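Please look over the sequence and the structure, then read the notes below by topic.

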Amino acid sequence: MAAQEELEAEADPEAMKRHRTLFRAVKRRKNPPLRRTDITVTDEAAVKRAVKAASLGNAMEWFDFGIYSYLAVTIGHVFFPSGNDTAQLISSFATFAVSFLVRPIGGMVFGPMGDKVGRKKVLALTMILMAIGTLAIGLIPSYATIGFWAPVLLIFFRLVQGFSTGGEYGGASTFIAEYAPDKRRGFFGSFLEMGTLAGYTGAAGLVLILNASLGSDTMESWGWRIPFLVAGPLGLVGLYLRLKLDETPAFQKMEDASYHSASEGASTVETTAKGDLAKIFRDHWPTLILCIALVGAYNITDYMLLSYMPTYLSDELGYDDSHGLLILIGTMIILMLIITRIGKLSDRFGRKPLLMTGMIGFLVLSIPAFLLIQQGSLVAVSAGMLLLGLSLVCLLGTMSATLPALFPTSVRYGSLSVGYNLSASLFGGTAPLVITSLISVTGTDMIPAYYSMAAALVGVIAVACMKETAQKPLSGSPPSVETKEEAAEMVEAQATPPKF
C-alpha cells in the first residue's frame with residue numbers, strides 16, 4: 001500500500017505537495033526549528049573577563065595546593081617525628097593524599113549547589129575556603145613545639161583545602177565552557193589549565209627562591225611558612241575578580257522561564273534533574289564512569305609530573321631540591337607557551353585526536369623518558385621531562401573543554417564535580433604516595449613510568465568510548481556563536497526545505 005501511495009504521489013503534483021507539507025510538520029515536531037532568540041551570541045569582552053577571572057582564580061587555588069607538594073620533604077621534617085627520612089616523606093605524602101579523601105564530598109556539596117544558586121557564588125566560596133586553609137597551615141606550630149597536635153592540625157586544614165578544591169575545577173571549567181562560543185571552547189578552556197600551570201610555577205618559583213636565599217636550616221625553622229602566608233592576600237584578589245563577574249549565559253537561559261517554554265526537550269531535563277544528587281548517579285552513571293576514567297588517567301600523569309617529580313629527582317636520584325624545581329619550572333613554562341595552541345587544535349580537529357595523542361604519548365614515551373631522566377645530566381633530565389610534558393599538554397589543553405561537554409547544563413556543575421573529584425581522590429592525590437611506597441617496596445626507580453603507562457592505557461580506552469563534542473552546542477544549552485551573522489546563518493540553514 002505504501003509503495004502504491006508513493007507511485008500515485010509521483011503522478012499527482014498535489015499529492016506530492018501534501019507529502020512535503022506532512023514531512024515538514026513531522027520533522028518540526030521531532031526537531032523544533034531554531035529561532036534567533038534560541039541562540040546565544042557571546043560578548044567577546046565578557047568572555048575574556050570570565051576566562052581571566054576563572055583562570056586567575058584557578059591559578060591561585062593551585063598555587064595554594066602546589067606549595068605543599070614542593071615543600072613535602074620540609075613538611076615531613078617539621079610536622080612528623082624525626083628518625084626515618086623515608087617514613088617522614090611517606091607521612092607527608094599521606095597527609096597530601098588525605099585532602100583528596102574529602103574532595104568528593106566537596107564536589108557533592110558544591111556541585112549541586114552550583115547548579116541551584118549559580119556558578120559564580122560557589123566559585124567565590126571555594127576561593128575563600130582555600131585561602132583560609134592555606135593561611136592556617138602557615139600558622140601551625142611544629143611537632144617539636146606542640147607534638148602530636150601539629151600533624152592533627154595539619155591534617156585538619158588539609159581537609160579544608162581538599163573540601164574547597166572539590167568545587168573548584170568543576171565550577172571553573174563549567175564557567176568558561178558556558179561562556180565560550182561553541183567553535184572556540186577548546187581555545188578558551190585551555191586558559192584554565194594555563195592557570196593551573198601558572199599556579200604551580202608560581203609556587204615552585206617561590207619555594208626555589210626561598211631555598212636558595214634562606215638555606216635548608218632556616219627553611220625548616222620558619223622559611224617554609226612564607227608561601228602559605230602569601231595565600232591570604234592572593235585569595236582576596238581571586239575573590240574580588242570572581243565577584244565582579246555575571247552569571248554564565250547558559251545558566252541564565254536555564255533559569256529563564258521563556259526559554260523553558262521554547263525548548264521543551266531541555267526544560268524536561270532541567271526541571272526534574274536540577275541539583276538532584278541522587279539523579280546524577282541514577283540517570284548519568286554511564287557518563288560518570290567515562291568521566292572518572294578520563295580524569296583518572298589525566299590526574300595520575302598530571303600529579304606524577306607536576307607534583308611528584310621534584311621529590312623523585314631529589315629523593316631517588318640525589319638531585320639538589322632547587323635543581324629539580326628549576327628543571328620542572330622550565331618544563332612548565334614551555335607547556336604554558338604552547339597550551340593555547342593545543343586548545344585551538346582541539347577546536348579544529350576535535351577533542352578525541354588530541355586526547356588520544358596525549359594518552360598514547362604516555363603509553364609509548366614513559367619508559368624512554370625515565371631512562372633519560374635517570375642519566376642524571378641536565379640535558380638528559382630536561383629532555384625526559386619535556387617528553388612527559390608534551391604528552392601531558394595534549395591532555396591539559398583539551399580536557400577543560402572536553403569534560404563539561406559530557407553533561408547537560410542542568411547537572412553539569414554537579415556531575416562534573418562529583419566525577420572529577422571521585423577520580424582525583426582515588427587516583428590523582430594518591431599518586432605520589434603510591435609511587436613512593438612502590439619504589440620503597442620494589443626497589444626500582446622505574447615505578448613512575450609503569451604507573452603512568454597503566455593510567456594511559458585506561459585513558460586510551462576511555463577516549464575511544466567518548467563522543468566527539470568539538471564545535472557542537474553544550475548538551476541542554478542553546479547554540480553559542482560569536483556574531484549575529486553567524487546566528488542568522490544557523491537559523492537559515494536549518495530552515496532550508498528538504499529536497500526530494
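Glu178 and Arg412 are both buried, where buried means under 20% relative accessible area, exposed over 50% and partly exposed in between (1.4 Å probe, protein chains only). This is a predicted model, in which local features need pLDDT of at least 70 and side-chain atom pairs count only at pLDDT 80 or more, while totals for chains, interfaces and linings use all residues. Residues are numbered from 1 along each chain as its sequence is written, and side-chain values use heavy atoms, with hydrogens and water left out.

**Overall make-up**

- The protein has 24 helices and two strands; helices (H or I, at least four residues) and strands (E, at least two) are DSSP runs, numbered from the N terminus.
- Of its 500 residues, 54% count as buried.
- Among contacts with a separation of 6 or more, 84% join residues 24 or more positions apart; contact means heavy atoms within 4.5 Å.

**Salt bridges**

- The count is five salt bridges, each being a side-chain nitrogen of Lys or Arg within 4 Å of a carboxyl oxygen of Asp or Glu.
- One of them joins the side chains of Glu178 and Arg412, at 2.7 Å from N to O.
- Glu178 belongs to helix α10 (residues 168–179) and Arg412 to helix α21 (residues 412–428), so this pair ties together parts that are 234 residues apart in sequence.
- Asp347 pairs with Arg351 in a salt bridge, with the closest N and O atoms 2.9 Å apart.
- Asp347 is buried at a relative accessible area of 6%, and Arg351 is buried at 0%.
- Asp283 forms a salt bridge with Arg282, where the closest N and O atoms are 3.8 Å apart.
- Asp283 counts as partly exposed, at 45% relative accessibility.

**Packing of α6 and α21**

- Helix α6 (residues 103–117) packs with α21 at an angle of about 170°, the axes being 7 Å apart; axes are lines fitted to C-alpha atoms, for helices over the stretch in contact, and angles run from 0 to 180 degrees between N-to-C directions.
- The two helices, α6 and α21, are therefore roughly antiparallel, the word for angles over 145 degrees, whereas those under 35 count as roughly parallel, 65 to 115 as roughly perpendicular and the rest as oblique.
- The α6 side of the contact includes Arg103, Pro104 and Phe110, and the α21 side includes Arg412, Tyr413 and Leu422.
- The residues of this contact divide into nine nonpolar, seven polar and three charged; Ala, Val, Leu, Ile, Met, Phe, Trp, Tyr, Cys and Pro count as nonpolar, Asp, Glu, Lys and Arg as charged, and the others, Gly among them, as polar.

**Surroundings of Arg185**

- Arg185 lies in helix α11 (residues 185–223) and counts as buried, at 1% relative accessibility.
- A polar atom of the Arg185 side chain lies 3.1 Å from the backbone oxygen of Lys472.
- Not counting residues up to four places away in sequence, Arg185 touches several residues, among them Asp347, Arg351 and Lys472.

**Two further helix residues**

- Ser452 is found in helix α23 (residues 447–465) and is buried, with a relative accessible area of 0%.
- Leaving aside residues up to four places away in sequence, Ser452 touches Thr301, Met304, Phe362 and Ser366.
- Leu236, in helix α12 (residues 225–243), is exposed, with a relative accessible area of 58%.
- Leu236 and Ala124 are 112 residues apart in sequence, and their C-alpha atoms are 9.9 Å apart in space.

Note on methods
Polar contact = N/O pair within 3.5 Å; in protein donor to acceptor, adjacent residues only side chain to side chain.
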